[in-house]
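Here is a short briefing on one protein model. Please read it alongside the coordinates.

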Amino acid sequence: MKFAVCGKFSQAQKRKLHKLTTKLGSSYLSTTTFPKEATHFIFPSPARSERYLAACASGKWILTEEYLKQSKAAGYFLNEILYEWSSRQLSSGVQSDLDTADAAQVWRQKISSGELIGAFFGWRVILYLDSTRETPLSRVLEAGGAIVRTLVDASTRPVFNNVMYAFASRPPLNDDHISFLKEQRIRVYRPEFLSDYLVKYRGLHHDLEAYQMTDL
């Protein structure tokens with residue numbers, strides 16, 4: 001078991017949770033980006049952050065901090081099910097928060113059961129986004145098994161065969177990019193679809209066309 005503590009914990013809280021994992025004989029990964037090797041993620045609350053979404057997309061355990069506290073009290077790692085983030089962990093909240101919480105359990109079950117390899121497995125995607133959005137979304141897509149090409153990659157032809165989607169914003173999408181995408185018959189969608197796919201739709205029926213950029 002390899003733990004990553006993420007989200008808006010204070011430094012004191014992170015140090016305490018770090019000690020709990022090591023006392024229980026597990027590894028603790030300290031990183032500001034998504035650690036692929038982590039098996040368990042501890043979050044103070046559900047969030048549409050890079051690491052939360054990437055953990056969902058790859059089917060990792062996403063748990064409350066109580067999991068480590070109660071495991072330490074017991075002297076061994078408890079069954080994760082009771083401490084997994086889902087809407088039952090929230091006493092109240094708006095629907096978007098409940099959906100974000102439920103996404104953790106839904107994707108973990110889909111992937112651990114073998115129904116899926118990853119949330120985006122088999123997807124071939126081009127991103128035309130500025131670096132502040134491109135890098136985290138690339139990591140989320142790759143965590144879920146997608147093959148991703150970015151703006152720099154896409155400037156070299158050919159990109160790859162059978163591209164499924166392009167996700168873009170203006171800028172950096174320009175007329176040259178649009179001409180290339182039209183030539184390749186690749187439809188372009190707003191990047192908001194990716195987090196909605198994980199959280200709102202959870203891989204089920206979704207209206208992808210509602211996210212298409214039609215003003216190109």
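Is Pro191 buried or exposed? Pro191 counts as buried, because its relative accessibility is 4%; buried means under 20% relative accessible area, exposed over 50%, and partly exposed in between, with a 1.4 Å probe and protein chains only. This is a predicted model, in which local features need pLDDT of at least 70 and side-chain atom pairs count only at pLDDT 80 or more, while totals for chains, interfaces and linings use all residues. Residues are numbered from 1 along each chain as its sequence is written, and side-chain values use heavy atoms, with hydrogens and water left out.

**Confidence**
- The chain has a mean pLDDT of 90, where pLDDT is the predictor's confidence in each residue, from 0 to 100.
- A pLDDT of 70 or more is reached by 94% of the residues.
- Confidence is highest in strand 4 (residues 61-63), at a mean of 98, and lowest in helix 6 (residues 151-154), at 60.
- Helices (H or I, at least four residues) and strands (E, at least two) are DSSP runs, numbered from the N terminus.

**Around Pro191**
- Pro191 sits in the loop that joins strand 8 (188-189) and helix 8.
- Beyond its neighbours within four places in sequence, Pro191 is in contact with Leu129, Arg133, Leu137, Phe167 and Ala168; contact means heavy atoms within 4.5 Å.
- Tyr211 is 20 residues from Pro191 in sequence, and their C-alpha atoms are 8.1 Å apart.

- Four strands form an open sheet in the order 2-1-3-4, with parallel pairing; two strands pair if DSSP finds at least two bridges between them.
- Strand 2 (27-29) and strand 4 are the edge strands, and each pairs on one side only.
- On average, neighbouring strands of this sheet are turned by 30 degrees against each other, direction ignored.
- Three bridges link strand 1 (residues 2-5) and strand 3 (residues 40-42) in the parallel sense.
- Val5 stands opposite Ile42 in strand 3.

**Helix 2 and its cover**
- Helix 2 is largely enclosed by the rest of the structure, because eight of its eight residues are buried.
- Among these buried residues are Glu50, Arg51, Tyr52 and Leu53.
- Their cover includes strand 1, strand 3, strand 4, helix 4, helix 5 (131-143) and helix 8 (192-201).
- Just after helix 2, Gly59 takes a positive phi of about 75 degrees.

**Helix 2 against helix 4**
- Two packed helices are described by the angle and the distance between their axes.
- The axes of helix 2 (residues 50-57) and helix 4 (residues 95-112) come within 8 Å and cross at roughly 30 degrees.
- Helix 2 is therefore roughly parallel to helix 4; angles under 35 degrees count as roughly parallel, over 145 as roughly antiparallel, 65 to 115 as roughly perpendicular and the rest as oblique.
- On the helix 2 side, Tyr52, Cys56 and Ala57 meet Thr100, Ala101, Ala103, Ala104, Trp107 and Ile111 of helix 4.
- The residues of this contact divide into eight nonpolar, one polar and no charged; Ala, Val, Leu, Ile, Met, Phe, Trp, Tyr, Cys and Pro count as nonpolar, Asp, Glu, Lys and Arg as charged, and the others, Gly among them, as polar.

**Helix 3: Ser71 and Glu66**
- Ser71 lies in helix 3 (residues 66-74).
- Ser71 counts as buried, because its relative accessibility is 0%.
- Leaving aside neighbours within four places in sequence, Ser71 touches Leu24, Glu66, Tyr76, Phe77 and Leu78.
- Glu66 counts as partly exposed, because its relative accessibility is 34%.
- With the same exclusion of neighbours within four places, Glu66 is in contact with Ser71 and Tyr83.
- Glu66 and Ile42 are 24 residues apart in sequence, with 9.1 Å from C-alpha to C-alpha.

Note on methods. Axes fitted to C-alpha atoms, helices over the stretch in contact; angles between N-to-C directions.
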